Amino acid sequence: MDVCIVGGTGAEGFGLALRLGAAGHHVTIGSRDAARGALSASDAAERLGGAPSIDGTTNEDSVTDAEVVVVTVPFGGQADIYRAIAPHLHPGQIVLDTTSPLATAVGGRAWQVVRPWHGSAAEQAKALLPEGVHIVAGFHTIAAAALQDLDHPIDSDVLLAGSDRGAKDTVGGLIDQIPDLRWVDCGELSSARIAETLTALLISINRAYKVKDSGFRILGRDSWGTPGS
């Protein structure tokens with residue numbers, strides 16, 4: 001599958017590029033600067049032994065042919081990024097938004113949150129997307145350090161929120177290919193209003209216990225995935 005990572009030069013985006021590249025997908029790392037995107041792609045390919053198909057370019061160019069567009073940018077710059085890539089998106093594409101509305105965007109602490117006007121960062125993103133582009137919110141509870149540590153499985157679940165079942169299933173299929181990750185369908189996109197705030201909670205836990213990769217496991221079933229499966 002062709003996947004692009006908008007903001008892929010950051011810690012979380014780079015980690016996702018590594019994990020998806022290792023799973024055999026063609027990954028394009030997007031950046032505001034094409035040279036930075038290409039350099040990160042070269043670093044990722046080197047980390048993965050040179051075999052995976054990873055390249056880099058600008059954010060705008062990266063989204064054009066991608067089946068799944070992953071947006072990994074801080075909340076403070078989220079709206080500007082979506083305005084920049086929106087003209088290059090087309091109906092049928094899936095956008096996975098990983099943004100958490102942390103208070104760092106307004107000079108606050110990383111373990112505090114702000115409430116976006118639309119209810120969640122994902123709903124704000126949806127308002128900026130063209131008609132027919134599907135959006136899913138997720139990866140708010142997966143640490144960037146854990147994504148980049150390819151020698152260890154990630155002991156956490158990915159909470160997905162979105163109003164299009166097919167889009168969630170597609171994103172879930174990508175998650176299933178990352179060792180030990182499971183995905184849980186958390187319902188409509190409005191559920192992102194809760195899921196996004198868990199990032200700040202995990203940051204608080206990490207600070208208290210001096211760790212980098214606390215996470216969540218949802219109990220009740222051995223596996224989750226598509227409801228009813």
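**Exercise 1. Which helices each supply at least two residues of the lining of the largest pocket?**

Before we dig in: this is a predicted model, where local features need pLDDT of at least 70, side-chain atom pairs count only at pLDDT 80 or more, and totals for chains, interfaces and linings use all residues. Numbering starts from 1 along each chain as its sequence is written, and side-chain values use heavy atoms, with hydrogens and water left out.

*Solution.* 
- Step 1: On a 1 Å grid over the protein atoms alone, a pocket is an open set of points with protein on both sides within 12 Å along at least five of seven lines, a cavity is a set where a 1.4 Å probe fits but cannot get out, and lining residues have an atom within 4 Å of a point. Helices (H or I, at least four residues) and strands (E, at least two) are DSSP runs, numbered from the N terminus.
- Step 2: size it up. The largest pocket holds about 700 Å³, where volume is the space filled by probe spheres set on points joined across faces, edges and corners.
- Step 3: look at the lining. It has 36 residues, and the closest to the pocket's centre are Glu 12, Thr 72, Val 73, Pro 74 and Thr 98.
- Step 4: pick the helices. They are H1, H4 (75–85) and H9 (198–209).

**Exercise 2. Work out the strand order of the open sheet and its edges.**

*Solution.* 
- Step 1: write the order. Six strands run S3-S2-S1-S4-S5-S6, with parallel pairing; two strands pair if DSSP finds at least two bridges between them.
- Step 2: find the edges. S3 (54–58) and S6 (134–137) each have a single partner strand, so one side of each is left without a neighbour in the sheet.
- Step 3: check one pair. S1 (residues 2–6) and S2 (residues 26–31) share four bridges, and Val 3 has Val 27 as its bridge partner in S2.
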